[in-house]
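This report describes one protein chain, going from selected contacts to the overall fold. The sequence and structure are shown first.

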Amino acid sequence: PSALSDAERSRCAVVAGTGVGGIATLEAQVLRHAARGAPGTSPRLVPMMMVNGPAASIAIAHGFTGPA
């Protein structure tokens, strides 16, 4: 297959289904943060709640820039 032009990459979007860590996970970490401060919060909280990560990685890898 041929490479995409800049115009074609600007018209590409990535849609990826993901599963968030769950509202119970978020709630538990918010409560831990309130009780213990930042050191008590799991370092995995942000990656678990970052649902756009897979689509962003694919878009960056292929140079897709839009639509936003």
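Predicted model: local features only at pLDDT ≥ 70, side-chain atom pairs only at ≥ 80, totals over all residues.

S42 belongs to the loop that runs between helix 2 (23–36) and helix 3 (45–49).

Is S42 buried or exposed? S42 counts as buried because its relative accessibility is 17%, and the cut-off for buried is under 20%.

## The salt bridge in helix 1

The count of salt bridges comes to one. The partners are R9 and D6, whose side chains meet at 2.2 Å, N to O. Both residues lie in helix 1 (residues 6–10), and because they are three residues apart there, about one helical turn separates them. An α-helix has 3.6 residues a turn, so residues three or four places apart point the same way.

The two partners can also be described by their accessibility. R9 has a relative accessible area of 22% and is partly exposed. D6, with a relative accessible area of 57%, is exposed.

Which residues make the nonpolar surface patch? I23, L26 and V30 form it, and its area is about 280 Å². V30 sits in helix 2 and is partly exposed, with a relative accessibility of 48%.

A28 is also a residue of helix 2. Its relative accessibility is 36%, so A28 counts as partly exposed.

## Helix 4 and the residue after it

Helix 4 covers residues 53–62, and G53, A55 and A59 are buried in it. Viewed down the helix axis, the buried residues of helix 4 fall within an arc of 160°, so they line one face of the helix.

Just after helix 4 comes G63, which has a positive phi of about 75°.

## Distances to F64

How far from F64 in space is A28, C-alpha to C-alpha? The separation is 36 Å, and the two residues are 36 residues apart in sequence.

S5 is placed in the segment before helix 1. With a relative accessible area of 32%, S5 is partly exposed. Along the chain, S5 and F64 are 59 residues apart, and their C-alpha atoms are separated by 10 Å.

## The chain as a whole

The secondary structure amounts to four helices and zero strands. Read from the N terminus, the order of elements is α-α-α-α. Why is the chain described as more spread out than a compact globule? The radius of gyration is 17 Å, whereas the globule rule gives 11 Å for 68 residues; the chain is well over that value and therefore more spread out than a compact globule.

The C-alpha trace spans about 55 × 20 × 20 Å along its principal axes. Of the 68 residues, 13% count as buried. S42 in the loop between helix 2 and helix 3 is among the buried residues, as are G53, A55 and A59 in helix 4.

Definitions and conventions: Residues numbered from 1 in each chain as written. Heavy atoms only, no water. Helix = DSSP H or I, 4+ residues; strand = E, 2+ residues; numbered from the N terminus. Buried < 20%, exposed > 50% of the residue type's maximum accessible area, 1.4 Å probe, protein only. Arc of directions from axis to C-beta. Patch = residues over 30% accessible without salt bridge, like charges linked within 9 Å, V, L, I, M, F, W, Y side chains within 5 Å. Areas by Shrake-Rupley, 256 points an atom, 1.4 Å probe, with all protein chains shown as cover. Salt bridge = Lys/Arg side-chain N within 4 Å of Asp/Glu carboxyl O. Rg over C-alpha atoms; globule rule 2.2 N^0.38 Å.
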